[in-house]
Amino acid sequence: MKFFKTLIASTLGIFLAFALIFFIGLITISSTAEEPEPYIRSNSVLKISLSGTLPTQVSSNPLDEIMNPQRNNKVSLQTLKENLAKAESHDNIAGVWLEIDFMGEGWGNLQEAHKIIRSFRDSSDKFVYASTNDIGYNEKGYYLATAADSVFSPPESFFEFDGFYSQVMFYDGAFEKLGIETEITRHGKYKGAVEPYYRKEMSEENEYQMNQIIDLVSQTYLNAVSSKSGKSIRQLNELLNGTPTLTAQFGYDQQFIDSLMYPDEVESYIKKQIGIKESSSLKTVSNKRYAKVSKSTAGLNTPSTSNKIAVIHAKGPIVPNSLADSPFGNQDFITTDFFQEQLEDIRDDDDIKALVVRISSPGGSGSTSDLIWRMLQETKKEIPVIISMGNVAASGGYYIAIAGDKIVADPTTITGSIGVFGTKFNMKQLFNEKLGLTFDEVKSHDHADWLTQNRQFTPAEQKAFQQYIDTFYRTFVNKVAEGRDMSFEDADKVAQGRVWTGAAALEQGLVDELGGLERALQLAAEESGIDNYSLDQYPKQKSLYEVLMGSAGAQAQAMVGEWFTNPMTQKMQKDLSILKHRDAMLFFPYDINIQ
C-alpha cells in the first residue's frame, strides 16, 4: 500500500512540475504580448455586445484570460460607464451600437445599465442604436434596448412580451420518497429560504412578498416600454393579458421596435447616418478594445488630485474561509480573509478618503457576516463607509450593509430578509430502510452526536437549537436597530425574514437613498469633504505571475496531493455538513430569478 502511495505522489509531482513549466511559459507569452493602446479612426462606432450576465465589475482573475476568456470578455457596469463617458467626448466616436442578446442579469444591475445608457443618450449629440440577432429580445434585453434612440430586430427573430414569474422547486415530496426528514429551526415568519425542504408550495407569507417583488419589476419594465412606445400602462397590461406572442413582427406592429432590419441593413443605416458611402466599411470598436483607450486620448479631463475613493466589490455567498479556498484566487465568495486583505491595503493608502462597498450577495454564514460587520465598523472610525447594493444584498448581505454610514439601493434591489435559520437532515430511514446501512457508536456524553444525520433531535436538543437560532436573531435585529437608529421593536417589525425591494426598504427605513453606484460615490465624496477624486477598485487585478508563483503554487500542490492520497471527498462532505448544521444561516429566501 505504501508503494502505491509513493507511486501516486511521484506521479503527481511530475504532473505538477510539467504544469508549472506550462504556466511559466504562459506568463512569458502574456508579458510579451501586451496590447498597445488602440488607435481609433474617425467616424468609428463603439459596438457593445450585451448578452447573459452584466456584472458590476469584470473578473480580477488573470487566469480567466487564458482558461475562461468568455467570462473575461463580459461587459460590466464599470466598463460600460467608463466607455460611454469616453465615447461622449471622443471626437472619433460617431455613436454607439448596442447588440443585445438574451439577457439573464438581475434587475438591480439592469436598472443601473439602463440609467447609464439613457444618460449618454440624453447628454450626448451622438446616436445610440440597439439591435439583436437570431436569438432576439427577451424582456430583460428589450428593457435595456428601450434606453436607446432606436430599436431594430431581424423580421423573423424572437421577441418576448408575456409578463414575469419566479418559480421555486420544492423537495419535500422527493425527500418523503427517499426517507429523509428535514428538521428546520428558524426565527422569522417570512424566512422562507428553507421552505423547499419541508413544504410542497409557498407559504402565504412568502407568496405575498414574492408578489411584491414581481409587481415592482413589472412596473419598472412597463414604465420603460410605455416611454418608448407611447402606450399607456393600461394598454400594455391589456396586451400582456391577451394572446401571448413571440414574434418581432408583433413588436414592430405595437411600436416597441422601430424597424425590422437584418444586421447588414442596420450597418447600412448607420453608415448613412454618419455619412459613409455604402461601399465603404463601417469602422467599429469593441467594448473590450475601447476599454484600453485612455481617458486623455478620448478627451476626458482627469482630476488633478491625489484623493481617492476605494470601491470593494463584494459578490457571492458569504462563507467561512475554509469553504472558499481557491489556489487561483477566484473571488466568487465573500470571506473574512477577502475583506481583511482589501481593508489592509486600503488602510495603508493615505490618499484613500472614503470607502464604498458594493454588495451583491444573498447572504450565508451568520458568524462570517458578523466578523465582516465588525471589520467595517472599525474601518468607518477612520474613513466614511458607504454601502451600494447590487441586485441582491439580503440576509447576511444586509447584515454587512448595516455597518455602513449610509446605504444606497436600486429600486429593484432585493434586500432585507432579516431572519435566521438552521437545518438538520435526519436520513435514518434512507440509511436503514432504503440503503441497508446501520450505525452503532460509543460517546462520552448524552448529546455528543446530536448533529449527526442518522437520528432526529430529542425534544431537549430541538429546544437548544431553537434557542441558538433565537439568540442569533436577537443579535441581528439589535444590530439593525443600532445601525438604522430604530428601536428593537420597530426593527423586529420589518425583520421576521421579510424580503423587501430597495424602494420598499427606503419606506421602512432600511436604506437611506435610492440610486446606483454613482450615487454612493457622490455620498462618499460628500461625507469625506472632497470634490475631485479618482477611483481605486478592489480586489486588485493580480498578474499571472503573482497567482502562479506566489503561495498559490504551494496551495495547489498541497490540495492536489491531499486529494489523491487521502479520502478527501468524504472528509470534505463531512466538514460541509457539520458547518451547515452548526452555523446560524443568514440566507436569502430561494434563488429568486424573475423571468
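Student: Which residue in β2 is the bridge partner of serine 49?

Tutor: Serine 49 has glutamate 99 as its bridge partner in β2.

Student: And how many bridges pair β2 with strand β3?

Tutor: Five bridges, again in the parallel sense, with β3 covering residues 127-131. One place to look is leucine 98, which stands opposite alanine 130 in β3.

Student: Why is β2 called largely enclosed?

Tutor: Strand β2 spans residues 93-103, and nine of its eleven residues are buried, so the rest of the structure largely encloses it.

Student: What do β2, helix α5 and β3 make?

Tutor: They make a right-handed β-α-β unit, in which α5 is residues 107-123.

Student: How far does α5 reach?

Tutor: From its first C-alpha to its last, α5 reaches 24 Å, close to the 24 Å expected for its 17 residues at 1.5 Å a residue. The buried residues of α5 include Trp107, Leu110, Ile117 and Phe120.

Student: New topic: serine 150. Is that one buried or exposed?

Tutor: Serine 150 is buried, because its relative accessible area is 14% and the cut-off for buried is under 20%. Serine 150 sits in strand β4 (residues 150-153). Leaving aside residues up to four places away in sequence, serine 150 touches Val128, Tyr129, Ala130, Lys228 and Asp258.

Student: Which phi does asparagine 43 have?

Tutor: Asparagine 43 has a positive phi of about 60 degrees, although it is not a glycine. Asparagine 43 lies in the loop between α1 (2-32) and β1, and with 31% relative accessibility it counts as partly exposed.

Student: What about serine 395?

Tutor: Serine 395 is not a glycine either, yet its phi is positive, at about 55 degrees. Serine 395 is in the loop between β11 (385-394) and α17 (396-401), and it is buried, with a relative accessible area of 0%.

Student: Where is the cis peptide bond?

Tutor: Look at the bond from tyrosine 538 to proline 539, where omega is near 5 degrees. Proline 539 lies in the loop between β17 (534-538) and α23 (544-549).

Student: Last one: what pLDDT does the protein average?

Tutor: The average is 83, and 79% of the residues score at least 70. Over residues 549-581, though, the pLDDT is below 50, and this stretch has 34 contacts in the model beyond near neighbours in sequence. Where pLDDT is low, the predicted coordinates should not be read in detail.

Terms used
Residues are numbered from 1 along each chain as its sequence is written. This is a predicted model: local features need pLDDT of at least 70, side-chain atom pairs count only at pLDDT 80 or more; totals for chains, interfaces and linings use all residues. Side-chain values use heavy atoms; hydrogens and water are left out. Buried means under 20% relative accessible area, exposed over 50%, partly exposed in between (1.4 Å probe, protein chains only). Helices (H or I, at least four residues) and strands (E, at least two) are DSSP runs, numbered from the N terminus. Two strands pair if DSSP finds at least two bridges between them. A crossover is right-handed if, with the strands pointing away from the viewer, the path from the first strand over the helix to the second runs clockwise. Contact means heavy atoms within 4.5 Å. The expected span of a helix is 1.5 Å times one less than its number of residues. pLDDT is the predictor's confidence in each residue, from 0 to 100.
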